[in-house]
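Thank you for making time this morning. Before I say anything, please take a moment to look at the sequence and the structure on the screen.

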Amino acid sequence: MELLSQIWSFLGLLTVLQNILPVQLLSFLHSIYESLQDFFNPYSYFEIPEFNGYSGIDVNDLYLHVNLYLNSINTSTTCRRLTLSRSKSSNRISYTVAPNHTVHDSFKGYHLSWTHHVETAQDSLDEKRSFTLKLPKRHRMTLLDPYLEHVTTRGEEFERVSRERRLFTNNGHGSFESGWSSVPFRHPSTFDTLALEPELKKQLTDDLMAFSEGKEFYNKIGRAWKRGYLLHGPPGSGKSSLIAAMANFLCYNVYDLELSKVSHNSELRALLIQTTSRSIIVIEDIDCSIDLTGDRITKNRRLQSMAKNSQHGGDNGEDNGRVTLSGLLNFTDGLWSCCGEERVIVFTTNHRDTIDPALIRCGRMDVHVGLDTCGMHAFKTLLN
Ligand SMILES: Nc1ncnc2c1ncn2[C@@H]1O[C@H](COP(=O)(O)OP(=O)(O)OP(=O)(O)O)[C@@H](O)[C@H]1O
């Protein structure tokens, strides 16, 4: 009782002081109080807002990674309240730390925690979200960088295996902002279900694995992080199934590029720029999709094309109105092909011999896979 009355009198004194002391002195006392509090507090705090700056447009990558990371560690055991959500097109449930709740983590033997703050602006319904990382002050310099690196790597890894993948196809409006339409990618083919000889299966999975983990290698040797596959074999030999198995193995999106719908090289370039990293870009039946004689176009055809162009009052350039071999070579290997990372380009054909060697030389199509013969093992898998 006595303690209660003492607290009351202290609060009363504070109110009186607040009324009589000048504002400057109050704020000075407040800053001294905060400095003392900081000095004696054994923890450091780092705030990670959802957006960079005040525009509310530029999303903070680190915030996204923290969210993914907290999704990847089993937060349900350390956090008392989680927000669950599921998008219309995905079966996956994602967990977010509920507003103003904390989740605990450990790294190199130290305890750390993340608190998710959500504030609603008073004048609008906008929400301001951020995470606060709390870690031991004495070790903050040695812990912060490696821990954030760990969070980013785990977050990216989690996104890779859990994101809903999509199958894109070009819609004929490649010159505009979005030249691709997409549906969820749910092809069931995997390397386990494919009837392939075990050596070939191993070669392919090793190659794909090395590619997906090869960021540093590609950086070191100064090459764009992409890989080309040429799949050849008669109709029905499993080329499409192999592409689906590759996409499922790597957890990549698939861009199925229909060349007949692309009207010229610049549209092809625009489509390439619109593809995202970690994807497989497929051109099926490459020999049927394009005049692979490219620059060696016959005189007759060139004349026909020029006549057509002049009839329509167009430019007489020979590349007008079609995709050429050189356009395709630039697509796979030119400067623009480096505008994204971690991309696999796959060409399929029923007749490898009809393709211009420039298009499938090593460096463009790094791996050639023949699917024409069905060995004993593959046959057994099919029977099973
Ligand atoms: N190696 C294989 N293992 C398992 N299934 C296969 C294999 N090869 C073919 N198939 C089956 O045969 C059918 C045709 O295969 P797929 O469409 O992949 O062949 P394709 O070579 O792409 O044919 P096309 O050249 O006509 O497009 C599919 O139902 C697929 O499941």
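I will go from the chain as a whole to its cores, then to the ligand, and then to a few helices and strands.

What you see is a predicted model, in which local features need pLDDT of at least 70 and side-chain atom pairs count only at pLDDT 80 or more, while totals for chains, interfaces and linings use all residues. Residues are numbered from 1 along each chain as its sequence is written.

The protein chain has 14 helices and 13 strands, where helices (H or I, at least four residues) and strands (E, at least two) are DSSP runs, numbered from the N terminus. Of its 384 residues, 22% are buried; a residue is called buried if 20 or more other C-beta atoms lie within 10 Å of its own, exposed if 12 or fewer, and partly exposed in between, with C-beta atoms placed from the backbone. Two residues are in contact if their C-beta atoms, placed from the backbone, lie within 7 Å, and among the contacts with a separation of 6 or more, 67% join residues 24 or more positions apart.

Let me turn to the cores, a nonpolar core being a set of buried Ala, Val, Leu, Ile, Met, Phe, Trp, Tyr and Cys residues joined through C-beta atoms within 7 Å. The largest one has 42 residues, and Ile-243, Met-246 and Val-282 are among those with the most contacts inside it. Helix α8 gives the most to this core, with 7 residues. Apart from it lies another core, of 12 residues, including Ile-48, Val-66, Val-97 and Phe-131.

Which helix gives the most to the shell around the ligand? It is again α8 (residues 239-250), with 3 residues. The ligand is surrounded by 13 residues, of which the closest are Ala-195, Gly-238, Lys-239, Ser-240 and Ser-241; a residue belongs here if its C-beta atom, placed from the backbone, lies within 6 Å of the molecule. The shell divides into 5 nonpolar, 7 polar and 1 charged, where Ala, Val, Leu, Ile, Met, Phe, Trp, Tyr, Cys and Pro count as nonpolar, Asp, Glu, Lys and Arg as charged, and the others, Gly among them, as polar.

Helix α2 (residues 23-40) has 18 residues and should span 26 Å at 1.5 Å a residue, which agrees with its end C-alpha atoms being 26 Å apart; the expected span is 1.5 Å times one less than the number of residues. The count of buried residues in α2 is 0, whereas in α3 the buried residues include His-65, Val-66 and Leu-68.

Leaving aside neighbours within four places in sequence, Glu-47 is in contact with Ser-130 and Thr-132.

Strands β4 (residues 101-107) and β5 (residues 110-120) pair in the antiparallel sense over 7 bridges, and two strands are said to pair if DSSP finds at least two bridges between them. They form a hairpin with 2 residues between them, and Lys-108 in the turn has a positive phi of about 50 degrees.

I will end with Asp-287 in helix α10 (residues 286-289), which is partly exposed, with 18 other C-beta atoms within 10 Å. Asp-287 and Thr-354 are 67 residues apart along the chain, yet their C-alpha atoms are separated by 6.6 Å.
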